[in-house]
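The entries follow the order in which I looked things up.

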Amino acid sequence: MVEHQTFKMVIFDLDGTLTRERSIWEYIHKRLRKWYGFAEEYQKQFLAGKISYERFCELDAAVWKGMSVRTLAEIVETVPFHPGIDALIHALKKRGLKLAMISSGLSILSDQVHRKYRFDFSVSNDLLHQEGILTGKVGINVYYDRKAEWVDRILKHFGLKPEESMAIGDSKGDIDMFQRVGFSVAFNSSCQELDQIADLCIQSENLEDIIPRLPL
């Protein structure tokens, strides 16, 4: 039973879960005024099945070709996070849980979060650059709907069983991740299917509200 299980790790999604923005890709495009009528079309083509995930990412990354990494990082630093993130992370660490993050977003954001909150493991997608300038290429490490592959790798790396891990996410891309862990939390979910398989569904503006409802 879940209530008697000892959990040792929490695996987070990033965009829309820890941040208030559902997509770091979209956030950057909007800040650069490259979304409406432009990058937005790439998303529509992907969701309609007209282009592959790889092609979708390639087209997105190509929009930023020639930009400096520094400029992009300054935009990323303005991404808003949900209130309560500090309290949630502190509570989990206080209980001795390891923290991991699997994001189909960008490492330029996940690396910042990893460093600030001292995560034990994180993986996301890399914008490629040379001498500080974006090449318009992307290194895809995490596919939108294939996070379970990384859950398995992370658990193996830390010598943990699936039932010893929790996952917190918000979208369709987190479904297979939820199916690999012992307890799952849908936070401000945008996906009914995710809600149906989650052990706990929370609609809140504050991540701290998750703490008292976890089986810890």
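**Entry 1: H4 and H6.** I looked up how H4 passes H6 and noted a right-handed crossing. I keep in mind that the model is predicted. H4 covers residues 69–76 and H6 covers residues 107–117; their axes lie 10 Å apart and the packing angle is about 60°. Angles of 65 to 115 degrees count as roughly perpendicular and those under 35 as roughly parallel, so H4 is oblique to H6. I then listed the residues that touch. H4 contributes Val-69, Leu-72, Ala-73 and Val-76, while H6 contributes Ile-108, Leu-109 and Gln-112.

**Entry 2: H1 and H4.** Next I turned to H1, which spans residues 24–31. H1 packs against H4 at an angle of about 105°, and the axes are 10 Å apart. I therefore wrote down H1 and H4 as roughly perpendicular to each other. From H1, I found Ile-24, Tyr-27, Ile-28 and Arg-31 in the contact; from H4, I found Leu-72, Ile-75 and Val-76. The contact of H1 with H4 has six nonpolar residues, no polar ones and one charged.

**Entry 3: H1 and H2.** I stayed with H1 and checked H2, residues 35–47. The two axes come within 10 Å and cross at roughly 160°. Since angles over 145 degrees count as roughly antiparallel, that makes H1 roughly antiparallel to H2. I noted the crossing of H1 and H2 as right-handed. Glu-26, His-29 and Lys-30 of H1 meet Trp-35, Tyr-36, Ala-39 and Gln-43 of H2. I counted these by class: three nonpolar, two polar and two charged in the contact of H1 with H2.

**Entry 4: the sheet.** What is the order of the strands in the open sheet? I read it as E4-E3-E2-E1-E5-E6-E7, seven strands with mixed pairing. E4 and E7 (200–202) each have a single partner strand, so they stand at the edges and one side of each has no neighbour in the sheet. On average, neighbouring strands are turned by 25° against each other, direction ignored. H1 packs on this sheet and touches E2 and E4; the direction of H1 makes about 50° with that of E2.

**Entry 5: strand pairs.** I reminded myself that strands of a sheet pair through backbone hydrogen bonds, either parallel or antiparallel. I then went through three pairs.

- E2 (residues 98–106) and E3 (residues 121–130) run parallel and are joined by four bridges. Met-101 stands opposite Ser-122 in E3.
- E3 and E4 (residues 133–139) run antiparallel, also with four bridges. I found Gly-139 in E4 as the bridge partner of Asp-126.
- E6 (residues 183–187) and E7 run parallel, with three bridges between them. Phe-187 stands opposite Ile-202 in E7.

**Entry 6: links between strands.** I followed the chain through E2, H6 and E3, and recorded a right-handed β-α-β unit. How many residues lie between the strands in the hairpin of E3 and E4? I found two, and in this hairpin Glu-131 takes a positive phi near 50°.

Notes:
Residues are numbered from 1 along each chain as its sequence is written. This is a predicted model: local features need pLDDT of at least 70, side-chain atom pairs count only at pLDDT 80 or more; totals for chains, interfaces and linings use all residues. Side-chain values use heavy atoms; hydrogens and water are left out. Axes are lines fitted to C-alpha atoms, for helices over the stretch in contact, and angles run from 0 to 180 degrees between N-to-C directions. A crossing is left-handed if the near helix is turned anticlockwise from the far one by less than a right angle, and right-handed if clockwise. Contact means heavy atoms within 4.5 Å. Two strands pair if DSSP finds at least two bridges between them. A crossover is right-handed if, with the strands pointing away from the viewer, the path from the first strand over the helix to the second runs clockwise. Ala, Val, Leu, Ile, Met, Phe, Trp, Tyr, Cys and Pro count as nonpolar, Asp, Glu, Lys and Arg as charged, and the others, Gly among them, as polar.
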